Amino acid sequence: MPQRNVPLRKHKDEKERATRDGFGDALLSLGESDPRVIVLCADLAESTRTLAFKEKYPDRYIEVGVAEQNLAALASGFAAMGKVPFVASYAAFSPGRNYEQIRTTIALNRQKVIIAGMHAGISVGPDGATHQMLEDLGLMCMLPNMTVINPADALEARKATLAAAMHDGPVYLRFSRETSPNVTTERTPFVLGKANLLLDAAKPDVAIVATGTLVSQALIAAKALANDFAVTVLNVHTLKPLDIPGILKQAERAGAVVTVEEHQLRGGFGSAVAQCLGTFAPMPLELVGVSDRFGQSGTPSELLTEYGLSAAYIAAAARKAYHRKRDA
Amino acid sequence: MSVTDAQVLRIETMAAKIRASIIEMLVAAGSGHTAGPLGMADVFAAFYFHILNHNPKKPEWKDRDRLVLSNGHIVPVRYATMAHAGYFPVKELLTLRKFGSRLQGHPERTRLPGLETTSGPLGSGLSQAAGMAYAARMDNQKMRVYCFMSDGEQDAGNIWEAAMFVGANRLSNLTAIIDRNNIQINGMTESVMPLEPLRSKYQAFGWHVLDVDGHNIEAICDAVDEAKAIYEKPTVIIAHTIPGKGVSEIEFDYRWHGKPPSAQEAAVFLRELRSLRGKVRGEHE
């Protein structure tokens, strides 16, 4: 297996930001445009990027304290009265601790609550396994009525947050603490449930379908593979509803697929793609994600390598998929 | 808005009809909870036939009072009360827990208008009621929010997260009612997980606390009037009830928490309920 981690490269003149920063930006514009929008936070205003909203709209910011079960069920009550509540905490606690409240009072009860799960994934780094939420996407995708979005960069996070506010129904938004390179631009369209092709090829050999901030690693991997075979990269920002036609189209063009996620493989994005391909178009498939392990303290870069999530591993998975297809 | 003797008589008559309906629907369903619904029939009758500002013909009316039932398992008493109040035909009660029914085993807002929320898993109703009360205050809406809870449910941590929030925010437009019937599935509340002193627990969380006889209509109405008059803090009414009230074989027996009567038992119980002619004697009278 490759050991070297390809460093993330910054585009010149571009300030790298975290997806949570895009969330904070969107909340401020929503505060201005929609008086129904309120924010409930469980003692994490600064790190969930809700502080600016709190300062600008103090009457619409509700402090809940360290009480995530109350956080979720309160939001359901606000939504029942016509408010559009955003609840902000770390993904490890919300939905980690309050899953039943989300299931019963928000999803089954069909209340439009937007759950923002911060510090998701292993890239939280030094905080260690307790705070590295790797099961949230699976938990939320399993809930009927729930829409699940995992933006790839700060720009997309902003658009995803605005889209969630417009959506008729509960939404889970996943955000990262670490900054990540922009893989989209201001002009990249964001349509809920519609994946974006970020890198195309005339005759693709392997399709990399990726979600979240690892999309940038997928693009680095694609670049590293450029001399070997042709790769496409699809950014799947909405996990539910999953863009099955969009994924199938790229899969069938290439004939081999690699999935990429910063999440447990069991029950995550790769599982969903495998279900889709297994049902409609069986073909060589390699899954990049966390394989039934908890995380640990370390730098994001160290952890991406240790858990096999970095560009080098994505490239290796693409080579494996390519050879499996060729040898079949 | 004190309650007149004639109103009390009417409410008691409705409570007797509600109790009979509960027995009938549980027999038809073949499963469900018996003791809790019977014990809360007087409180529900007092609310739907006197206290609540509501309109059965317009269940989504914006300015209605909100009644959140946190302990969803006693929903047969709410269904029976709503049917007798005119929300839907009384005969629909016999569809309880059946396939295709709007009357799910535990209440679902999206299936039956007027339920306000979906509940069953215990401990989250007070949070939802708090969200409603806070939102109403933000928008200067005058409606009131009521949250019915069980006593066994007070074991849940979520309740105390909500109690702390409601106390801290002085949500005086919210009134909680705890069905203090002293039973839960595994036995008496004080042996499963002691709640006492319940009164001083809520006081410590910033609530005004009232104890009432949950079978005394006048006392229930007076307590709610007092809660409405208090602006500086929320109120919790601890309603002391007898589980299974009205049917002597069920009263005080925790084994009736989670099972329905058989058809033979129901015939005996209904005869007893009807012989009372609406008059259920309060223990504290």
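Trainee: How many bridges join strand E6 of chain A to E12(A), and do the two run parallel or antiparallel?

Mentor: Strands of a sheet pair through backbone hydrogen bonds, in either a parallel or an antiparallel sense. In this predicted model, strand E6 (residues 147–149) of chain A is joined to E12(A) by 2 bridges, and the two strands run antiparallel. Within that pairing, Lys240(A) in E12(A) is the residue opposite Val148(A).

Trainee: In what order do the strands of this open sheet in chain A follow one another?

Mentor: The order is E3-E2-E4-E5-E7-E6-E12, which makes 7 strands with mixed pairing. The edges are formed by E3 and strand E12 (238–240) of chain A, each of which pairs on one side only. From one strand to the next, the twist averages 20 degrees.

Trainee: Which strands of chain A does helix H6 of chain A lie across?

Mentor: Helix H6 (residues 154–166) of chain A lies across E2, E4, strand E5 (114–118), E6 and strand E7 (171–174) of chain A. Relative to E7(A), the helix runs at about 170 degrees.

Trainee: In which sense does E2(A) pair with strand E4 of chain A, and in which sense with strand E3 of chain A?

Mentor: E2(A) pairs in the parallel sense with strand E4 (residues 84–90) of chain A over 5 bridges, and also in the parallel sense with strand E3 (residues 61–63) of chain A over 3 bridges. Val39(A) takes part in both pairings: Phe86(A) stands opposite it in E4(A), and Tyr61(A) is its bridge partner in E3(A). Together with helix H2 (residues 51–56) of chain A, E2(A) and E3(A) make a right-handed β-α-β unit.

Trainee: Why is strand E2 of chain B described as largely enclosed?

Mentor: Strand E2 (residues 145–150) of chain B is largely enclosed by the rest of the structure because 6 of its 6 residues are buried. Val145(B), Cys147(B) and Met149(B) point one way, while Tyr146(B), Phe148(B) and Ser150(B) point the other way.

Trainee: Which strands pair with E2(B)?

Mentor: Strand E1 (residues 66–69) of chain B pairs with E2(B) in the parallel sense over 4 bridges, and strand E3 (residues 174–180) of chain B runs parallel to E2(B), joined by 6 bridges. Val145(B) stands opposite Arg66(B) and also opposite Leu174(B) in E3(B). From E2(B) the chain passes through H6(B) to E3(B) in a right-handed β-α-β crossover.

Trainee: How many residues does each chain bring to the contact between chain A and chain B?

Mentor: The size of an interface is often given as the accessible area lost when the parts come together. Here the description is by residues: 22 come from chain B and 21 from chain A. On the side of chain B that touches chain A, helix H5 (125–138) and helix H6 (157–168) of chain B each give two or more residues. H5(B) supplies the largest share, 9 residues. By class, this side of chain B has 9 nonpolar, 10 polar and 3 charged residues.

Terms used. Residues are numbered from 1 along each chain as its sequence is written. Chains are lettered from A and ligands numbered from 1 in the order in which they are written. This is a predicted model: local features need pLDDT of at least 70, side-chain atom pairs count only at pLDDT 80 or more; totals for chains, interfaces and linings use all residues. Two strands pair if DSSP finds at least two bridges between them. A crossover is right-handed if, with the strands pointing away from the viewer, the path from the first strand over the helix to the second runs clockwise. Two residues are in contact if their C-beta atoms, placed from the backbone, lie within 7 Å. Ala, Val, Leu, Ile, Met, Phe, Trp, Tyr, Cys and Pro count as nonpolar, Asp, Glu, Lys and Arg as charged, and the others, Gly among them, as polar. Axes are lines fitted to C-alpha atoms, for helices over the stretch in contact, and angles run from 0 to 180 degrees between N-to-C directions. A residue is buried if 20 or more other C-beta atoms lie within 10 Å of its own, exposed if 12 or fewer, and partly exposed in between; C-beta atoms are placed from the backbone.
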